[in-house]
Amino acid sequence: MLIAAPFLMEILFFGNNDSYALGFKSLEKSISLLFLPLFLIGNYKRIQFFIILKAYCIGTTLIMAFFFVRFIVLYPEHFFKYLNGIHLWEMGYVFSDSIGIHAPALNMHLAFVAFSNLYFLFETSKINYNKWSKIKNLSLFVLSFFFVLYVNTRIALLATLFGFVTVVYFQISKNNSSKIIFKRAILTIVLVGSVLFLFLQKNPYMKEKYSTQIFSNMDKVGKLDEIDHPEIAVYSSFVTRLSIWKSAWELSLKNLPFGVGASDGKLELVKYFKETNQIFLAEYEFPTHNQFLDYLLKFGIFGPIVALFYIGFIAYLGIKTKNAVVLSFFFLFFISNLTDDFLLRFDGIVFSGFWISIFASYWLQQKSNQVGDNIFL
């Protein structure tokens with residue numbers, strides 16, 4: 001019921017949609033939240049969490065390596081331009097567009113893979129593998145972290161680093177007397193720091209992006225058109241998010257207690273941009289970029305509560321399973337939805353619904369004493 005809550009909300013407020021055709025289209029995107037838990041949790045004894053996660057991490061990293069090579073071959077002018085430090089502000093978005101996915105959405109997946117690869121690097125290091133297996137796991141980890149940096153979205157990088165810290169903390173806390181684990185934790189910190197330092201040296205734009213650009217033009221909230229070329233100056237700045245949130249909040253208050261309908265959220269918001277003469281926001285038709293505000297606008301007072309329960313359930317599973325990957329996933333999905341609205345997107349809906357169902361299956365296995373934390377191969 002918790003996992004299917006967004007789908008059930010759309011059914012409950014279906015009559016609120018101005019267009020039933022668009023309402024069914026919106027409902028179609030979230031119907032997976034009904035079937036995923038039924039099939040996965042309904043067969044929880046057969047779900048092999050660590051095998052699935054390992055396959056996902058290897059598969060995603062290899063697919064990204066393929067697309068990276070493809071990008072170099074098909075778009076050499078872009079790649080060498082970025083290599084020479086030109087137009088670095090567009091790098092991650094152009095690369096993501098070449099794959100056909102929105103950069104923040106892609107990097108949410110990559111962040112999950114990066115801290116999961118670190119988890120497996122620690123876990124496999126406890127077992128007496130040959131050196132080639134260790135090199136393979138180390139290479140997967142470094143590659144996945146590199147791709148997070150290359151796509152270069154702020155929230156994903158923050159979530160990745162949080163995931164690294166969480167994995168290292170859990171490893172040390174579970175192995176208090178192990179000097180080997182402690183040494184490997186230190187080596188991990190040095191490795192992550194080195195990769196980050198080298199990338200910063202090649203990408204000086206990151207210093208601007210993660211410092212002055214974030215909080216620039218904060219006096220222009222709701223007045224972005226007063227900025228010269230806002231599509232260049234503040235497209236990805238915090239002031240743009242605040243301007244969108246301000247409008248979404250004002251529009252939500254006008255439509256309490258039941259909202260504007262699941263299919264009409266973005267349409268009504270763009271219409272409000274036009275009514276309030278916010279030309280830049282209206283031209284680019286920005287969605288709410290905050291899942292809690294998005295649900296407040298669509299479903300009224302019940303919306304943010306459902307979103308909080310849906311995302312909060314991941315934290316509950318992380319605490320119950322005492323697993324660093326699950327807790328890191330909660331932090332990743334929670335902060336990603338503070339600055340974006342991934343339950344508006346089909347890939348965000350399926351991504352979260354699938355992994356929450358897998359995590360819940362793993363928790364039920366633990367309750368049945370059928371699986372240990374280190375059994376993943």
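Which backbone oxygen does the side chain of Asn290 reach at 2.8 Å? The legends below describe close-up views of a predicted model, and the first of them gives the reply.

**Figure 1. Asn290 in the loop between α15 and α16.** The loop that holds Asn290 runs between helix α15 (279–284) and helix α16 (291–299). The side chain of Asn290 reaches the backbone oxygen of Leu338, at 2.8 Å. Because its relative accessibility is 10%, under the limit of 20% for a buried residue, Asn290 counts as buried. Beyond residues up to four places away in sequence, Asn290 touches Trp245, Asn337, Leu338, Thr339, Asp340 and Asp341.

**Figure 2. Asn337 in helix α18.** Helix α18 covers residues 324–339 and includes Asn337. Asn337 counts as buried because its relative accessibility is 0%. A polar atom of the Asn337 side chain lies 2.8 Å from the backbone oxygen of Phe333. A polar atom of this side chain also lies 2.9 Å from the backbone nitrogen of Phe342. When neighbours within four places in sequence are left aside, the contacts of Asn337 are Asn290, Gln291, Phe292, Ile311, Phe342 and Leu343.

**Figure 3. The largest nonpolar core.** This core has 86 residues, and those with the most contacts inside it are Phe49, Phe112, Tyr150, Phe333, Trp355 and Phe359. Helix α7 (residues 103–125) gives the most to the core, with 15 residues. A second, separate core has 19 residues, including Trp245, Leu281, Leu296 and Leu297. Phe112, one of the residues with the most contacts in the largest core, is in contact with Leu53, Tyr56, Val325, Phe329, Leu332, Phe351, Trp355 and Phe359, leaving aside its neighbours within four places in sequence.

**Figure 4. A nonpolar surface patch and a cis peptide bond.** Trp249, Leu253, Leu256, Phe258, Ile301 and Phe302 make a nonpolar surface patch of about 570 Å². Among these residues, Leu256 lies in the loop between α13 (238–254) and α14 (265–275). Leu256 counts as partly exposed because its relative accessibility is 37%, which falls between the limits of 20% and 50%. Pro257 lies in the loop between α13 and α14, and a cis peptide bond, with omega about 5°, joins Leu256 to Pro257. Most peptide bonds, by contrast, are trans.

**Figure 5. Positive phi at Asn152 and Glu285.** Most residues other than glycine have a negative phi. Asn152, although not a glycine, has a positive phi of about 60°. The loop between α8 (131–151) and α9 (154–174) contains Asn152. Asn152 counts as buried because its relative accessibility is 5%. Glu285 also has a positive phi, near 50°, and is placed in the loop between α15 and α16. Glu285 is partly exposed because its relative accessible area is 41%.

**Figure 6. Helix α1 and the helices against which it packs.** Helix α1 spans residues 5–12, and its buried residues are Ala5, Pro6, Phe7, Met9 and Glu10. These buried residues pack against α2 (20–30), α3 (32–40), α16 and α17 (302–321).

Key
Residues numbered from 1 in each chain as written. Predicted model: local features only at pLDDT ≥ 70, side-chain atom pairs only at ≥ 80, totals over all residues. Heavy atoms only, no water. Patch = residues over 30% accessible without salt bridge, like charges linked within 9 Å, V, L, I, M, F, W, Y side chains within 5 Å. Areas by Shrake-Rupley, 256 points an atom, 1.4 Å probe, with all protein chains shown as cover. Salt bridge = Lys/Arg side-chain N within 4 Å of Asp/Glu carboxyl O. Helix = DSSP H or I, 4+ residues; strand = E, 2+ residues; numbered from the N terminus. Buried < 20%, exposed > 50% of the residue type's maximum accessible area, 1.4 Å probe, protein only. Core = buried A, V, L, I, M, F, W, Y, C linked by side-chain atoms within 4.5 Å. Contact = heavy atoms within 4.5 Å. Polar contact = N/O pair within 3.5 Å; in protein donor to acceptor, adjacent residues only side chain to side chain.
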